[in-house]
2 protein chains.
Amino acid sequence: MGKQVDAVTWYQGQIQETRVHLAMEIPFTVYYNERETVTLLCSPQELDELAIGFLVGEGLLKQPQEIKGLVVDTARGLAWVSAEPDRPLAKEAIGRRFVTSGCGSGTGYYSLADAVLSAKVQTSLVLLPRQVNALLSKMQNLAQQYQVTRGIHGAGLCSPDQVEIFREDIGRHNAVDKILGYCFIKEIKPEDKVLAVTGRISSEIMLKAAKMSIPVLLSRSVPTDMAVIFAEELGITIIGAARAGKFIVYSHRERVALP
Amino acid sequence: MGKQVDAVTWYQGQIQETRVHLAMEIPFTVYYNERETVTLLCSPQELDELAIGFLVGEGLLKQPQEIKGLVVDTARGLAWVSAEPDRPLAKEAIGRRFVTSGCGSGTGYYSLADAVLSAKVQTSLVLLPRQVNALLSKMQNLAQQYQVTRGIHGAGLCSPDQVEIFREDIGRHNAVDKILGYCFIKEIKPEDKVLAVTGRISSEIMLKAAKMSIPVLLSRSVPTDMAVIFAEELGITIIGAARAGKFIVYSHRERVALP
């Protein structure tokens with residue numbers, strides 16, 4: 001897990017030769033029906049889920065039955081996905097993803113929010129505060145690569161009492177896309193689940209949750225203003241700043257059983 | 001600074017109505033000679049530096065004299081940059097940036113590294129351990145938005161004893177691009193400077209430092225394996241995992257005066 005390199009540690013005036021574990025980073029190029037679609041910088045695990053999750057996020061796959069072939073070459077960092085129907089790589093659809101911290105043109109971006117709006121999240125899920133705190137501890141225990149290498153993000157799909165699927169990646173978005181890909185391939189409908197992430201909740205992470213109809217987003221970190229605005233509109237509960245015995249509910253607080 | 005919203009805080013069994021500050025996130029579209037080039041999700045400050053820094057990073061601007069006009073509409077999140085010569089928006093050059101955590105095609109990516117390689121970083125800069133620790137404290141004091149909102153990244157261009165320029169953004173890459181844009185506009189050659197960042201050191205952040213010929217990268221967080229491989233080749237010192245009284249030197253340790 002990770003890669004080892006020689007380094008030198010300085011600690012309180014002393015130096016020590018150290019062998020450290022680093023998180024691996026690879027370029028991973030996804031071809032959709034023979035067309036180069038994107039290259040992601042990512043961790044080299046679950047590349048099948050990442051490829052599918054990315055294409056689902058871009059609207060190029062809508063049903064699992066559409067996937068006619070999936071070949072992943074882990075060593076070379078390549079995936080070929082063949083699918084029917086063969087949807088056009090809409091420039092703006094791809095462009096939306098094609099930015100360091102997100103999205104396409106301003107207009108395109110808000111249209112995306114509108115599109116998702118039509119499927120406002122419906123659920124009877126209600127979390128107890130002790131479940132929120134317990135999920136965070138469980139996420140931390142599962143973060144194996146993080147514990148060895150640090151510098152890696154985790155995402156978990158959770159029932160109120162368990163982290164059911166956990167994925168790690170050097171990219172915040174990739175970790176969530178792996179969850180998205182897993183759910184799509186396995187035909188899991190996460191409409192009564194919590195998406196727990198280790199990183200910040202930006203508008204993009206929020207819109208991915210909306211795309212999956214996930215009603216609750218949970219993070220140790222905080223949301224941006226745009227994420228909260230969209231979450232209010234789309235019916236999603238954001239629980240952030242969650243650490244031992246504390247959290248903040250930023251939107252749709254009706255899904256947390258507060259005293 | 002930031003935006004205030006109503007939220008509810010749960011802390012050790014008690015709830016409290018809270019007014020919280022959130023980091024602002026806006027979509028920001030950059031036009032280069034009338035052509036839409038990219039939309040970034042970013043913090044709404046120093047948009048002129050971000051636009052220029054992005055275009056420099058993409059190789060569309062090479063000398064400050066090339067900029068013939070720069071108009072930023074902060075309210076609508078738009079920038080128009082006119083420049084001569086009018087370089088083509090190479091699909092692969094733009095594509096490289098167009099990914100959540102990075103880059104274009106694998107090939108394109110490594111070509112970029114090769115291109116930078118020709119200008120291997122040369123400097124006589126040597127840092128003392130106490131300077132490393134002092135720079136980190138100074139960065140922390142400057143992180144005003146972070147202190148109010150959390151969930152925001154900082155980047156600082158530093159001499160051994162001072163943080164000379166400090167920029168914040170919700171995106172790790174954007175904060176560094178703002179520094180890059182500032183240096184380009186002001187014609188500052190940061191060849192004897194340290195680039196301090198709050199986030200992880202991915203290969204992209206490393207290549208941005210190389211593009212600026214910055215010899216030392218410093219972070220509280222850790223590098224990826226690819227960042228360290230490139231740093232070794234390009235002559236850049238990576239100091240990571242830097243916290244009170246401790247740090248790790250991952251590459252080119254000759255620039256840290258270790259006992």
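Trainee: How many bridges join β1(A) to β2(A), and do they run parallel or antiparallel?

Mentor: Nine bridges join β1(A) to β2(A), and the two strands run antiparallel. Before we go on, note that this is a predicted model, in which local features need pLDDT of at least 70 and side-chain atom pairs count only at pLDDT 80 or more, while totals for chains, interfaces and linings use all residues. Residues are numbered from 1 along each chain as its sequence is written, chains are lettered from A and ligands numbered from 1 in the order in which they are written, and side-chain values use heavy atoms, with hydrogens and water left out.

Trainee: Okay, and what counts as a strand or a pair here?

Mentor: Helices (H or I, at least four residues) and strands (E, at least two) are DSSP runs numbered from the N terminus, and two strands pair if DSSP finds at least two bridges between them. In general, strands of a sheet pair through backbone hydrogen bonds, either parallel or antiparallel.

Trainee: Which residue of β2(A) stands opposite Q4(A)?

Mentor: Q4(A) stands opposite H21(A). The hairpin that β1(A) and β2(A) make has two residues between the strands, and in it Q12(A) takes a positive phi near 45°.

Trainee: Which sheet has β2(A) and β1(A) in its order?

Mentor: They belong to an open sheet of eight strands with mixed pairing, in the order β2(A)-β1(A)-β12(B)-β11(B)-β10(B)-β9(B)-β7(B)-β8(B). Its edge strands are β2 (14-22) of chain A and β8 (163-169) of chain B, each of which pairs on one side only. Within this sheet, β11 (residues 237-243) and β12 (residues 246-251) of chain B run antiparallel and are joined by four bridges, and G240(B) has I248(B) in β12(B) as its bridge partner.

Trainee: Switching topic: how many residues does each chain put into the contact between chain B and chain A?

Mentor: Chain B gives 71 residues and chain A gives 71 residues, where contact means heavy atoms within 4.5 Å. The area buried between them is about 5700 Å², of which carbon and sulfur atoms give 60%; buried area is the accessible area (1.4 Å probe) that two parts lose on being put together, summed over both.

Trainee: And how many salt bridges are there between chain B and chain A?

Mentor: The count is two, a salt bridge being a side-chain nitrogen of Lys or Arg within 4 Å of a carboxyl oxygen of Asp or Glu. R253(A) and E17(B) meet in a salt bridge through their side chains, at 2.8 Å from N to O.

Trainee: I was looking at E168(A) in β8 of chain A. Is E168(A) buried or exposed?

Mentor: E168(A) is buried yet has no salt bridge, where buried means under 20% relative accessible area, exposed over 50%, and partly exposed in between (1.4 Å probe, protein chains only). The nearest side chain of opposite charge is K178(A), 8.7 Å away; for charge, Lys and Arg count as positive and Asp and Glu as negative, while His and the chain ends are not counted.

Trainee: Why is α7 of chain B said to be largely enclosed?

Mentor: Eight of the nine residues of α7(B) (residues 203-211) are buried, so the helix is largely enclosed by the rest of the structure. Just after α7(B), S213(B) takes a positive phi of about 55°, and S213(B) counts as buried at 17% relative accessibility.
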